[in-house]
Amino acid sequence: MLELMITAPASGSGKTILTCALLAALKKRGRTPCAFKCGPDYIDPMFHRSVLGVESRNLDLFLASEDTVRRIYSDYSGGHGAAVTEGAMGFYDGLGGVTDRASAWHAADTLGLPVLLAVRPKGASLTLAAQVNGLCRFRENSHIAGIFLNDCSPMLAQSLRPMLERETGLPVLGWLPPMEEAALESRHLGLYTAGEIENLSARIDRVAEVLEESLDWDRLEAVFARRADRGSSAAVRLSAGVPLAVARDEAFCFAYGETLDALEAAGGTLRFFSPLEDAALPADACGLYLPGGYPELHAAKLSKNREMRRSIREAVEGGLPTVAECGGFLYLGQSLEDGSGQSWPMAGVLPGAAVRKQKLVRFGYAELTAEQDSLLLRRGEAVPVHEFHYWDSSCNGTDLTARKPLTGRSWTCGFAGENLYAAFPHLYFAGHPELAERFVRAAERWRDVHGVK
């Protein structure tokens, strides 16, 4: 089995396009690859899925324990001929940017993964070797096993390759030249989603064709091939369970595959629906999950779907067990401002009006503590969460307390009741499966009380 992590000295080094091109090339070679992403990123796994046609999984060592991350990697890599993990940010950049906890290096060290270091050599030559050596020596075991030259002309690559191998002792396994197809557009939350980029598959295929020629496949196999000893990649599924309505469309696209799997493992049956297109919740829904996404980009269409807004408002106000994170939380509010500054009516369950800010709001990891017993959390219980948003609400709630892990800065947030979790912080059910179990048990009680068939 071929196993590696692709990482870089810093963000913006082309990790995502290299990862996708390698996955596409491996798929064409019949290696049945799978993909992983370090950290809480929702968008990069969308790119992996667009190439593979299968789920990509997150490996997050703040939201989950080392043992849980090892299990996730083992479960979902089993049965595949290759597993490619995309790092996050700079290789050692972890919690708060000042520790290596939850960094790409932490994931590589936890999983024992060999690392392919992608570097952009523009503006440096011999100094590049010094930078690579520094990265290799920064921790006792860096796991760096090879170098890849990104955005590098073939002539420059041929010049740098012998020098880098001599000075670092690492093999230079290939390069990608500057390519228009390799430039992926960004917005305030990072890259545009895979579905928004025109001709994405063709663009990745073109980069993969170049990679097929420039990558030293024999040396790649020699460096990164490992004995396959993992079990089946199939997750345990129940044949029937309590129906949970899960929002999934262009506005609500930030749901971890592992969270959905945790809901199924707890006894839920997922009923996907679109707040943009559908007129009502699934008829048999006994619970509602509204994940994050980009509702602000679709505020007008969400607002004009009055039937769905009414269906959700009546369901939540009627006590349907509901989890709403970030974008889902905004959708439950009174109104949502779009990118042009126009405000649109939303579901109207919660009191706040959502408006755009000019900078990130309460960005990053935090620990969320419950003030009282509620749907997901018990009084005094704390779970890790993360936030990443440029919109804010005029009423964020006061039922929970969020605290930054390094600085201790805290704030109140969220609406949490017997049948409700609605707040900006994203939860990770795979890291705390008891949250999924409580949600599904509440949905079962709803089913029994209301006689849902």
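Let's start with two helices: α1, covering residues 15-28, and α2, covering residues 43-52, pack at an angle of about 20° with their axes 9 Å apart. Axes here are lines fitted to C-alpha atoms over the stretch in contact, with angles running from 0 to 180 degrees between N-to-C directions. That angle makes α1 roughly parallel to α2, a label for angles under 35 degrees. Helices are DSSP runs of H or I with at least four residues, strands are runs of E with at least two, and both are numbered from the N terminus.

Keep in mind that this is a predicted model, where local features need pLDDT of at least 70, side-chain atom pairs count only at pLDDT 80 or more, and totals for chains, interfaces and linings use all residues. Residues are numbered from 1 along each chain as its sequence is written, and side-chain values use heavy atoms, with hydrogens and water left out.

Now look at where the two helices meet. On the α1 side you'll find Thr16, Thr19, Cys20, Leu23, Ala24 and Lys27, and facing them in α2 are Asp44, Phe47, His48, Val51 and Leu52; contact means heavy atoms within 4.5 Å. Sorted by class, this contact has 6 nonpolar, 3 polar and 2 charged residues.

Next, the inside. The largest nonpolar core has 89 residues, and Met5, Leu22, Leu149 and Leu164 have the most contacts inside it. Such a core is a set of buried Ala, Val, Leu, Ile, Met, Phe, Trp, Tyr and Cys residues joined through side-chain atoms within 4.5 Å, where buried means under 20% relative accessible area (1.4 Å probe, protein chains only). Helix α1 gives the largest share of this core, 9 residues. Apart from it lies another core of 71 residues, including Ala251 and Met308. In soluble globular proteins, nonpolar side chains tend to be buried together.

Met5 is worth a click: leaving aside neighbours within four places in sequence, Met5 is in contact with residues including Cys38, Phe91 and Val115.

Ser13 sits in the loop between β1 (2-7) and α1 and is buried, with a relative accessible area of 9%. Not counting residues up to four places away in sequence, Ser13 touches Ala8, Ala118, Arg120 and Asn150. Ser142 lies in the loop between α5 (126-137) and β6 (144-149), and this serine is buried at 6% relative accessible area. With the residues up to four places away in sequence left out, Ser142 touches Phe91, Tyr92, Trp105, Val115, Leu135 and Cys136.

Key
Angles under 35 degrees count as roughly parallel, over 145 as roughly antiparallel, 65 to 115 as roughly perpendicular and the rest as oblique. Ala, Val, Leu, Ile, Met, Phe, Trp, Tyr, Cys and Pro count as nonpolar, Asp, Glu, Lys and Arg as charged, and the others, Gly among them, as polar. Buried means under 20% relative accessible area, exposed over 50%, partly exposed in between (1.4 Å probe, protein chains only).
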